[in-house]
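Subject: Structure handover

Hello,

Please find the structure below. My notes on what was found in it follow.

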Amino acid sequence: MKLKRDNFTLLSVLTLIIFTAPIILGYLWLFISTFSERTYGLKPVDVDGNLGGFTLKNWAFLAEPDIWLITLNTFLLATFLTMGVLLISSLAGYALSRVNFRGRKTFLSMTLILHAFPSVTLLIAIYFVLRFISDIPLLGALFGYNTIGGVVLISIALQLPLGIWLMKGFFDGVSWDLERAALIDGCSRWRCWWQIMVPQIKPGLAALSIFSFMTGWSSFLIPYTFLTKGNKAVLSTYLNAMMSSDTVSIQYGILAAIGLFQLIPILLFYSFTQKYLMKIFSGGSHGGV
Amino acid sequence: MEKEKRNLTGLWFMLPAIILVIVFFFIPVIMTIGISLTDMSSVTGFSAWKWVGFKNYIKIAQHPDSITNFIATLKYVSITLIFFNVGLGLLIAIATNHLKNSIGGFFRAAWLLPRITPPVVYVLMWSMLAADAPYGVINQLFRIPFGLSTTNWVPEYAFLFIVLVNGYIGASFGMIIFSSAIESIPKDIMISSLVDGASYSQRIRHIIIPQLRWPLLFVVTYQTLSLLTSFEYIMILTDGNFSTEVWSLWSYHKALNNYWGNFQYGFGAALAAVLVVVGTLLGIIYMKYFRFDALVQEPKIDEL
């Protein structure tokens with residue numbers, strides 16, 4: 001595609017290149033140093049500091065059984081988070097969009113306030129809630145302090161305001177006639193939800209599930225705070241522990257390799273679903289900035 | 001009767017969400033305030049604590065770190081907000097909008113990368129950009145070739161880097177909101193302004209910016225709140241060292257995570273409670289002024 005040649009176009013391209021540089025450089029560094037003995041800036045070098053030093057040994061961590069356990073944990077966290085968010089928000093979103101029950105407006109404005117509410121400030125109190133759940137027999141073993149279940153439950157809760165809001169929006173877009181016809185034919189609200197409505201919002205469900213999976217797969221703060229064997233819990237905490245360890249001299253190649261290992265699924269998802277995700281992010285991503 | 005049943009159906013659909021919201025939002029808000037009125041810490045444990053009234057809040061007022069951390073927070077929030085979340089977001093939105101779609105689209109896609117990259121990996125990238133010579137990318141590419149002195153950037157310019165790390169994520173939010181606002185300006189107006197002889201910069205000033213007043217306000221409100229309370233990236237990058245201990249991180253450190261293992265739940269909760277109050281107020285304002293009109297539409301289905 002050809003660009004117009006005028007000063008303003010040139011200026012735009014230049015501005016974008018300059019400001020985007022840190023992102024590009026950061027990514028380049030990650031890819032290069034993954035396969036290098038060490039790097040000077042972006043230049044891969046061998047032990048003596050000469051250009052070269054291509055190696056695969058940074059990936060040796062894949063041979064340790066630990067990493068697969070950690071990966072499994074991360075995967076479970078992301079998967080259960082996704083399932084929970086999908087189920088609960090599509091139920092609530094449907095009711096808020098289609099059922100005229102008392103308190104509907106209250107719930108709607110509450111969802112919006114919670115959506116803007118900075119949930120990280122509640123971590124201290126949530127710690128106490130988890131401690132309390134731990135003391136309940138059975139439930140405590142599943143969802144208490146220091147369990148993946150507990151971390152999943154908190155993550156679901158914090159994701160809900162966004163999820164409900166999105167699902168409500170998608171249900172709002174489904175034609176009334178379809179549902180009305182089903183209801184007149186004697187379909188119950190539950191069957192109507194499951195058999196008529198849910199299939200209509202598949203794109204929305206897909207977008208929300210990808211977003212939730214990525215959030216769970218990347219999440220750091222909640223597992224770090226509520227899982228005591230923190231450093232070996234999930235990929236994020238494992239990498240963080242290696243980054244901040246004072247004792248072992250840090251080998252950046254290995255850090256980069258682990259980072260890339262965690263990043264690959266995210267990049268794959270992103271390349272296929274960029275358009276959907278843009279929509280979700282503008283709906284207001286929560287947490288982070 | 002019919003209405004009764006409808007109310008019940010609605011509540012059944014809402015039930016799982018209601019339970020989670022109560023357990024992980026409502027109870028924690030009340031508990032945060034409650035704990036902030038006690039002297040609970042790892043010394044008192046969970047049983048030997050007692051109510052102390054507003055002592056923790058008085059302690060905040062007298063604490064030597066309060067002013068420092070407050071100013072750090074204020075600086076961090078305002079600088080990141082103005083220069084990155086709004087300024088840079090707007091700049092990228094205008095620039096990518098001016099370019100043809102494919103190139104603009106490439107840059108927009110690149111700008112979402114910081115947001116989707118796992119936080120720890122993202123911070124790892126930044127700390128390698130900033131690392132000491134000979135490893136760091138900044139030193140290798142922009143200092144050594146020009147014969148300039150090298151340095152270990154993060155400790156040296158810690159504040160700048162927490163702004164950069166968070167700003168590069170925040171900018172994409174503004175970028176998306178502003179981009180879609182610019183795209184919704186009718187094409188005729190955009191073209192006719194140029195036909196009438198306006199320059200590109202005049203078009204930005206007189207056509208694009210006035211259209212963005214509402215999105216600008218939205219981004220400012222929304223991002224103030226998230227910047228005020230997000231500390232995850234700062235914690236990974238500097239852990240509050242080099243005077244980057246913002247208020248929310250301070251609270252987290254005091255109550256849940258510090259080297260000495262002396263967790264002051266009461267004091268930490270008081271610090272958090274300040275943010276909870278600010279957050280609730282801003283949240284209510286946010287709800288009042290944005291999008292509420294969109295909610296008022298009633299479900300038509302129930303009048304069959």
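To start with one helix pair, α3(A) and α6(A) count as oblique to each other, because angles under 35 degrees are called roughly parallel, over 145 roughly antiparallel, 65 to 115 roughly perpendicular and the rest oblique. The pair is helix α3 (residues 104-116) of chain A and helix α6 (residues 148-172) of chain A, packed at an angle of about 130 degrees with axes 8 Å apart. Axes here are lines fitted to C-alpha atoms, for helices over the stretch in contact, and angles run from 0 to 180 degrees between N-to-C directions. Helices (H or I, at least four residues) and strands (E, at least two) are DSSP runs, numbered from the N terminus.

This is a predicted model, in which local features need pLDDT of at least 70 and side-chain atom pairs count only at pLDDT 80 or more, while totals for chains, interfaces and linings use all residues. Residues are numbered from 1 along each chain as its sequence is written, and chains are lettered from A and ligands numbered from 1 in the order in which they are written.

Helix pairs in chain A

The crossing of α3(A) past α6(A) is left-handed (a crossing is left-handed if the near helix is turned anticlockwise from the far one by less than a right angle, and right-handed if clockwise). From α3(A), Thr111(A), Leu114(A) and His115(A) meet Pro161(A), Leu162(A), Ile164(A) and Trp165(A) of α6(A); two residues are in contact if their C-beta atoms, placed from the backbone, lie within 7 Å. By class, the residues of this contact are five nonpolar, two polar and no charged. Ala, Val, Leu, Ile, Met, Phe, Trp, Tyr, Cys and Pro count as nonpolar, Asp, Glu, Lys and Arg as charged, and the others, Gly among them, as polar.

A second pair is helix α7 (residues 176-184) of chain A with helix α8 (residues 189-200) of chain A, at an angle of about 145 degrees and with axes 10 Å apart. The crossing of α7(A) and α8(A) is right-handed. Leu178(A), Glu179(A), Ala182(A) and Leu183(A) of α7(A) meet Cys192(A), Ile196(A) and Met197(A) of α8(A). The contact of α7(A) with α8(A) has six nonpolar residues, no polar and one charged.

Chain A as a whole

Chain A has twelve helices and two strands, in the order α-β-β-α-α-α-α-α-α-α-α-α-α-α along the sequence. Its C-alpha atoms fill a box of roughly 80 × 65 × 30 Å along the principal axes. Of the 289 residues in chain A, 45% are buried (buried: 20 or more other C-beta atoms within 10 Å of the residue's own; exposed: 12 or fewer; partly exposed: in between; C-beta atoms are placed from the backbone). Among contacts in chain A between residues at least 6 apart in sequence, 64% join residues at least 24 apart.

Seven residues from domain 1 of chain A and six residues from domain 2 of chain A form the contact. On the domain 1 side, helix α1 (residues 7-34) of chain A gives the most, with four residues. That side has two nonpolar, three polar and two charged residues.

Contact between the chains

The contact takes 90 residues from chain A and 96 residues from chain B. On the chain A side, α1(A) gives the most, with 16 residues. The side of chain A that touches chain B has 60 nonpolar, 23 polar and seven charged residues.

Single residues

Ala255(B) lies in helix α13 (residues 247-256) of chain B and is buried, with 27 other C-beta atoms within 10 Å. Not counting residues up to four places away in sequence, Ala255(B) touches Ile124(A), Phe263(B), Gln264(B), Tyr265(B), Gly268(B) and Ala269(B).

Leu138(A) sits in the loop between α4 (123-134) and α5 (139-143) of chain A. Its phi is near 65 degrees, a positive value in a residue other than glycine. Leu138(A) counts as exposed, with 8 C-beta neighbours inside 10 Å.

Regards
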